[in-house]
Amino acid sequence: MRLEEAKRDQFRRRAKEEGYRSRAAYKLLQINDKYKIIRAGDKVVDIGCAPGGWLQISSKLVGERGLVVGVDIDSVKSLGRKNGKLIRDDITFDGFSERLRDSMGKGKADCVLADLSPKLSGIWDMDHFKQIELCHRVVDLLPDILTPDGSNIMKAFHGAELSALVKRLKGSFSRVEISKPEASRSGSSEVYLVSMGFSGQVPSRQSESLEEEHPSELPADSGESDWQTDRLN
Ligand SMILES: C[S@@+](CC[C@H](N)C(=O)[O-])C[C@H]1O[C@@H](n2cnc3c(N)ncnc32)[C@H](O)[C@@H]1O
């Protein structure tokens, strides 16, 4: 546990020193280093973007020719860069998809990021369920906002509902990997689902089987989320 705390402190300290708004920034950096998903000139949608660590990373990666559209229920301080747009909205509200599309301009995104976390109650089953519901909401949005062959990076809380989400992603993308970047504490219950090669369509939730698929691929559940300690303040 001491090692885990030291690691968390190390990334928190680095984030302060390097001017990142959250230590979560390193999770995206490490995932992108491994999978090379976000590239110069890309259009990226960052869902659940506050306080903005992932926004900072993706804005740098896409550069001046790219665009990053950030969405959160909370207000987010502008990055002050021309390649960024922010919308304050709840992804579960009616009409959200249309409002998001309006702010994206012409063309769909090359990559959709979702580092969503609901307000945590501390009752693990409930928090897990709510978080996975948010993930499904993002999957529902993909045909409207993600270009065919595009990619998705999504945080998911470990638990009983995770395998059905993974299965749904596998029905939508040619490649789905479960990733645990070094900046995410190994004791935390979050994993990152990295999906590449979007088919343009997603299976409906009704067509999913609730049977466990590849349970051994998933790390053990500690019942604690990294998000509780993610923000710098
Ligand atoms: C872990 S934080 C994101 C951290 C961010 N990736 C970063 O690097 O700074 C999760 C975010 O999800 C947002 N969120 C939760 N439910 C949401 C919803 N229904 N609609 C929009 N944002 C939501 C929360 O407000 C919170 O800011």
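Two strands are taken to pair if DSSP finds at least two bridges between them, where strands (E, at least two residues) and helices (H or I, at least four residues) are DSSP runs numbered from the N terminus. This is a predicted model, in which local features need a pLDDT of at least 70 and side-chain atom pairs count only at pLDDT 80 or more, while totals for chains, interfaces and linings use all residues. Residues are numbered from 1 along each chain as its sequence is written.

In this model, seven strands form an open sheet with mixed pairing, in the order β3-β2-β1-β4-β5-β7-β6. Its edge strands, each pairing on one side only, are β3 (84–88) and β6 (173–179), and from one strand to the next the twist averages 15 degrees.

Two helices lie across β5, β6 and β7; for their angles, axes are lines fitted to C-alpha atoms, for helices over the stretch in contact (C-beta atoms, placed from the backbone, within 7 Å), and angles run from 0 to 180 degrees between N-to-C directions. Helix α2 (residues 24–35) runs at about 40 degrees to β7, and helix α6 (residues 162–170) at about 145 degrees to β6.

As for confidence, pLDDT, the predictor's score for each residue from 0 to 100, averages 89 over the protein chain, with 87% of the residues scoring at least 70. Over residues 209–217, however, pLDDT stays under 50, and the model has seven contacts for this stretch beyond four places in sequence. Residues 227–233 also have a pLDDT below 50, with 13 contacts in the model beyond near neighbours in sequence.
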